[in-house]
Amino acid sequence: MEGRSARALVPAEVFDEGTCRRHSPLRRRRAIAGSGSKTRFRRRQLGLRLGVPHAIRKSAPPPLCDKFKDVTSAGPDLKLAIKQWQGSAHDLSLSDYEVHVWHRPLPAAADEIAHLSRVLSEEEKHRASRFRSQSLQSDFIVARGTLRLLLGAYLRLNPAQLIFEYSAHGKPSLTAPHHWLDFNLSHTDGLVVYALAMNRRVGVDVEKLRSDFDTDKLARRFFSTAEQATLESLPPADRHQAFYLCWSRKEAYIKARGEGLSHPLHRFDVSLEVGSRHALLQTRPDPQEAGRWMLSDLALQPGYAAAVALELAARSADSDRPAGQS
Ligand SMILES: CC(C)(COP(=O)(O)OP(=O)(O)OC[C@H]1O[C@@H](n2cnc3c(N)ncnc32)[C@H](O)[C@@H]1OP(=O)(O)O)[C@@H](O)C(=O)NCCC(=O)NCCS
């Protein structure tokens, strides 16, 4: 990998195509037992205001190929790239300036489930066996197996040898020396989504829009006062989708923080606008917290709401990255 140009380090494959866990109320039934118009000066100001780390502020991000699709600006000097999983991945790269989102449909075919099962750890196989239905079992195998293949492709490591550890609230991460690669995943009926970033906390959530939930009741229980007011001000026909946009954004943020539902959901307000790229509006008690995160909509598939949250300030860069990772 050494000697490759900066452009070659950008993962063409990514851009080329067009338990005792508490479960979310929406998910409970599944449980087992740089803007070009701105001057450089303005960009620097923005970088400072949003807490973009010094190393990122002082140098421009690497150029992205014109042919890349599904790449959008996710904030000053940050790019969000979305790609659908095509069955395999090799030699992927990620730069400090990018968050990569992958998604894949569920369920998978039997031969793929068998293939993915082979990269799971014994503990993961045991976990899979405890799901109450065959389809939940298969979906867990596919979600975990694909996660391992993805991480292995970024790390140039055997997916079966990756070791996960879990935060106090259950967020999985890679053990040292690979902990610089942050990731998060979310699954819902028919879809699993992954988000990966380097040295920044990342969270993702996807929700299938369903008509069999009392969304008004859930909103009253879990949304902040401002979110409830915004929801109620919308025309009734728009409220259903807005509820799911709000929910997925709130979950992506709490998942990035690793706290899950132990983080009080009324302590922050998110936007309910479709297509929002800066959806974290207010945080309490620390109002500065809102400026430390990018919270963006993910337009993945009709019938789903999804969002990704990314910490703007990167942790100090670690060694032990594979060659090719900037
Ligand atoms: C994290 C949480 C919001 C997930 O909600 P969900 O909508 O049911 O599920 P999603 O599909 O969006 O996400 C599940 C994935 O997120 C990851 N995850 C689990 N806990 C997480 C956490 N605290 N933060 C971020 N990600 C987490 C896992 O990868 C999980 O998938 P996997 O178990 O198949 O690997 C919810 O389960 C929660 O609040 N958990 C914390 C419970 C807790 O505090 N437990 C204390 C000890 S029992």
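## Strands β8 and β12

In this predicted model, strand β8 and strand β12 (residues 304-311) run antiparallel and are joined by seven bridges. To find one spot where they face each other, look at V202, which sits opposite L310 in β12.

These two strands belong to an open sheet of three, in the order β8-β12-β11, with antiparallel pairing. β8 (202-208) and β11 (293-297) are at the edges with a single partner strand each, so one side of each has no neighbour in the sheet. On average, neighbouring strands here are turned by 10° against each other, if you ignore direction.

## A helix on the sheet

Helix α10 (residues 236-257) packs on this sheet and touches β8, β11 and β12. The direction of α10 makes about 150° with that of β8.

You can check the length of α10 yourself. Just after α10 comes G258, with a positive phi of about 85°.

How much of strand β7 (residues 191-198) is buried? Eight of its eight residues are. Both faces are covered: L191, V193, A195 and A197 are buried on one side, and V192, Y194, L196 and M198 on the other. For the protein as a whole, buried residues make up 38% of the 326 residues.

β7 pairs with strand β3 (residues 98-105) through seven bridges, running antiparallel.

## Two helices side by side

Now for helix α6 (residues 122-129) and helix α7 (residues 134-155): their axes come within 8 Å and cross at roughly 155°. That angle is over 145 degrees, which means α6 is roughly antiparallel to α7.

Which residues meet? From α6 there are E124, R127, A128 and S129, and from α7 there are Q137, F140, I141 and R144. Sorted by class, this contact has three nonpolar, two polar and three charged residues.

## The whole count

Taken together, the secondary structure of the protein comes to ten helices and twelve strands.

How values were computed:
Residues are numbered from 1 along each chain as its sequence is written. This is a predicted model: local features need pLDDT of at least 70, side-chain atom pairs count only at pLDDT 80 or more; totals for chains, interfaces and linings use all residues. Helices (H or I, at least four residues) and strands (E, at least two) are DSSP runs, numbered from the N terminus. A residue is buried if 20 or more other C-beta atoms lie within 10 Å of its own, exposed if 12 or fewer, and partly exposed in between; C-beta atoms are placed from the backbone. Two strands pair if DSSP finds at least two bridges between them. Axes are lines fitted to C-alpha atoms, for helices over the stretch in contact, and angles run from 0 to 180 degrees between N-to-C directions. Two residues are in contact if their C-beta atoms, placed from the backbone, lie within 7 Å. Angles under 35 degrees count as roughly parallel, over 145 as roughly antiparallel, 65 to 115 as roughly perpendicular and the rest as oblique. Ala, Val, Leu, Ile, Met, Phe, Trp, Tyr, Cys and Pro count as nonpolar, Asp, Glu, Lys and Arg as charged, and the others, Gly among them, as polar.
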